[in-house]
Structure formats: structure tokens, C-alpha cells
Amino acid sequence: MKKIVLTMVALLSLTMAQAQNENGERKAPKKMDPQEMVDRMAKDLNLTAAQKTKVAEVMKEQQTEMKRHQEKMKETNEKMKKVLTDEQYKNWQKMQHHRGGFDGRGQGGSRGNRGPRPNGPRPDMMPE
């Protein structure tokens, strides 16, 4: 299982690294469908037929979960847009992006394994 997760991370990293053109500008990464990922993992990890089937199930579950999460984020985004003024909404989007939250494109996350911020926590985020 650890190998599967590491391979998924490696594939994601490769996709992001290839998402830049010659000028260093970012372009949208090619989305791999679950079957492409399974095929790549089967090749890289030398998976058995049984493992390949189980990995395909896990990938399908993950994709379903991610779609649900993206829908929920869009829903929240639309609700906030209705509640806040245009100025507040723009500031809220900036806050979400800065904190690693979503920005309406279905993207979100946290600092993950990158460790603490280089300059420590933001002063406005410190508990009083």
C-alpha cells in the first residue's frame, strides 16, 4: 500500500513538473483517467492481476471522493458569494488561496508534508 501511495505522489509530481512550457509558464496538466494511472502503476510496480484489479477499485473510489469534495467546495463558494459583498468575496477568495483553501476551481489543500512556514505562523492566525 505504501508503494502505491508513493507511486501516486510521484505521478502527480511528474504531471505538475510537465505542466510548464519552455518559458516556465504553467499550463494545465494532462489529466490521467484512473485506468491510465492503474496501467502506469502496474508497469512501475510490477503489479499482479489481482493487485491491478484492487488498485483500480481504490483509484475509482478516490476519483469519486474527489468529485464529491469538489462539488462541496463549489457549493460553499456559491453560498459565500450570495452572503458577502463583491469586495468581501474577493478578499475571502484571497484568504482561501493564501491559507491553502479552495479558490472556486475545485482546488484546495494544506501545507501537507512541506513543514511549517519558513517565517513561522502568520501573526493574524495566532491564538490570543
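Val-55 touches Ile-4, Val-38, Met-41 and Leu-47, leaving aside residues up to four places away in sequence; a touch, or contact, means heavy atoms within 4.5 Å. This is a predicted model, in which local features need pLDDT of at least 70 and side-chain atom pairs count only at pLDDT 80 or more, while totals for chains, interfaces and linings use all residues. Residues are numbered from 1 along each chain as its sequence is written, and side-chain values use heavy atoms, with hydrogens and water left out.

Helices here are DSSP runs of H or I with at least four residues, numbered from the N terminus. The buried residues of α3 are Val-55, Met-59, Met-73 and Asn-77, where buried means under 20% relative accessible area, exposed over 50% and partly exposed in between (1.4 Å probe, protein chains only).

Val-55 and Met-59 also belong to the largest nonpolar core, together with Ile-4, Met-37, Val-38, Met-41, Ala-42 and Leu-47. Both α2 and α3 give two or more residues to this core, and the largest share, four residues, comes from α2. Such a core is a set of buried Ala, Val, Leu, Ile, Met, Phe, Trp, Tyr and Cys residues joined through side-chain atoms within 4.5 Å.

Finally, look at the loop between α2 (34–45) and α3, where you will find Asn-46. Asn-46 counts as exposed because its relative accessibility is 64%. Asn-46 has a positive phi of about 55 degrees, although it is not a glycine.
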